[in-house]
Amino acid sequence: MIRGSNSVIGAVNFVTFLISIPILGGGIWLSSRANSTECLQFLQWPLIVIGITIMVISLMGFAGACYGLTWLMWLYLFVMFFVVVALIGFIVFAYAVTDRGHGEVIMNRAFLEYQLSDYSGWLKERVSDPVYWSKISSCLRDARACRGMAKYVTDHATGMRVPESPDMFYSHQLSPIESGCCKPPTSCGYAYANETFWNPSNAMLLTDPDCVKWSNDQRTLCFQCDSCKAGVIASIRHSWRKVSVINIVVLIILVIVYVIGCAAFRNNQRMDNSEPYGESRMTKARPSRYQF
């Protein structure tokens, strides 16, 4: 098995190298379009760093295993060890910052609503920071995050397409961002006109600061509301939990590759020392005093 470990790790790292190419290409593409929207500035550097890291490690492992370069295999295992440790740290961190907070069930509503007070810790502070929130809200506006909410039905009396009724809207499942950023909180008491246009009513309550932040201006809506920040946190929480599952799978693969790399490194040491395969290196320092 040890003799074949170099070939195995070489093949594994070659495939890993091929996988890194589209990841790096996607990061470069986002970088070239970064001026169009603030969204892409959050995505370009993680993709580029991940792509370059995987590419460099793969090349190191491939060259070290295929050409029997012991020093390069040593460097490969050293870097791989820190990558594995960093990935473990990220997985633990992702679960730690997303362990609190959830949507609230509202009577006669199929969707959940989100309150910033339900969340705490690093992620809440990060999203609530004015500098970062200005970028996130710009992202939401530029991406037209609320555009998909608009739904129309045919009026049987006139045959025209009209916005759906309030009861139909209340029966829909909304994403956290749609619920928090694209409509006012239900507790405010606004009257439904369409999905992103709500009229004041006699039953309005202004105890929630988000109630006065709502605007029917389609560029404003509730993008400055705390409920929108909570919706973004809920969306990040959901995404990070999914990413963490993928990272666990990647971590298992990297650990397997690391073990194979250790075997290949040991094989290269034997070659450098001209040690025949299978030769025992255990020798007695002195003969035993007792004879049987």
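Guide: The lining of the largest cavity is made up of four nonpolar, two polar and three charged residues. Please keep in mind that this is a predicted model.

Visitor: Which residues line the largest cavity, and what is its volume?

Guide: Its lining consists of V97, T98, R100, Y119, S120, L123, K124, I233 and R237, and the volume is about 50 Å³. The elements that contribute two or more residues to that lining are α5 (122-128) and α10 (226-272).

Visitor: What makes a space a cavity and not a pocket?

Guide: A cavity is a set of points where a 1.4 Å probe fits but cannot get out, whereas a pocket is an open set. With a threshold of 30 Å³ or more, the count is two cavities, and the second largest cavity has a volume of about 40 Å³.

Visitor: Which residues line the second largest cavity?

Guide: They are E113, Y114, Q115, S179, G180, K183, P184, P185 and S227, and by class they divide into three nonpolar, four polar and two charged.

Visitor: Why is E113 called buried?

Guide: Buried means under 20% relative accessible area, and E113 has 6% relative accessibility, so E113 counts as buried. E113 belongs to strand β2 (residues 112-113), and, leaving aside residues up to four places away in sequence, E113 touches G103, E104, I106, S179, K183, P184, P185 and T186.

Visitor: How do you know that the side chains of E113 and T186 make a polar contact?

Guide: The contact between these two side chains is given at 2.5 Å, and the cut-off for a pair of N or O atoms is within 3.5 Å; the value therefore meets the distance condition.

Visitor: Why is V85 called partly exposed?

Guide: Partly exposed is the range between buried, under 20%, and exposed, over 50%; V85 has a relative accessible area of 41%, and therefore V85 counts as partly exposed.

Visitor: What is the volume of the second largest pocket, and which residues are the closest to its centre?

Guide: The volume is about 270 Å³, and of the 17 lining residues the closest to the centre are R144, C146, R147, T196 and Q218. The lining of this second largest pocket comprises nine nonpolar, three polar and five charged residues.

Technical notes:
Residues are numbered from 1 along each chain as its sequence is written. This is a predicted model: local features need pLDDT of at least 70, side-chain atom pairs count only at pLDDT 80 or more; totals for chains, interfaces and linings use all residues. Side-chain values use heavy atoms; hydrogens and water are left out. On a 1 Å grid over the protein atoms alone, a cavity is a set of points where a 1.4 Å probe fits but cannot get out, and a pocket is an open set with protein on both sides within 12 Å along at least five of seven lines; lining residues have an atom within 4 Å of a point. Grid points are joined across faces, edges and corners, and a volume is the space filled by probe spheres set on the points. Ala, Val, Leu, Ile, Met, Phe, Trp, Tyr, Cys and Pro count as nonpolar, Asp, Glu, Lys and Arg as charged, and the others, Gly among them, as polar. Helices (H or I, at least four residues) and strands (E, at least two) are DSSP runs, numbered from the N terminus. Buried means under 20% relative accessible area, exposed over 50%, partly exposed in between (1.4 Å probe, protein chains only). A polar contact is a pair of N or O atoms within 3.5 Å; within protein, one must be able to donate a hydrogen and the other to accept it, and residues adjacent in sequence count only if both atoms are side-chain atoms. Contact means heavy atoms within 4.5 Å.
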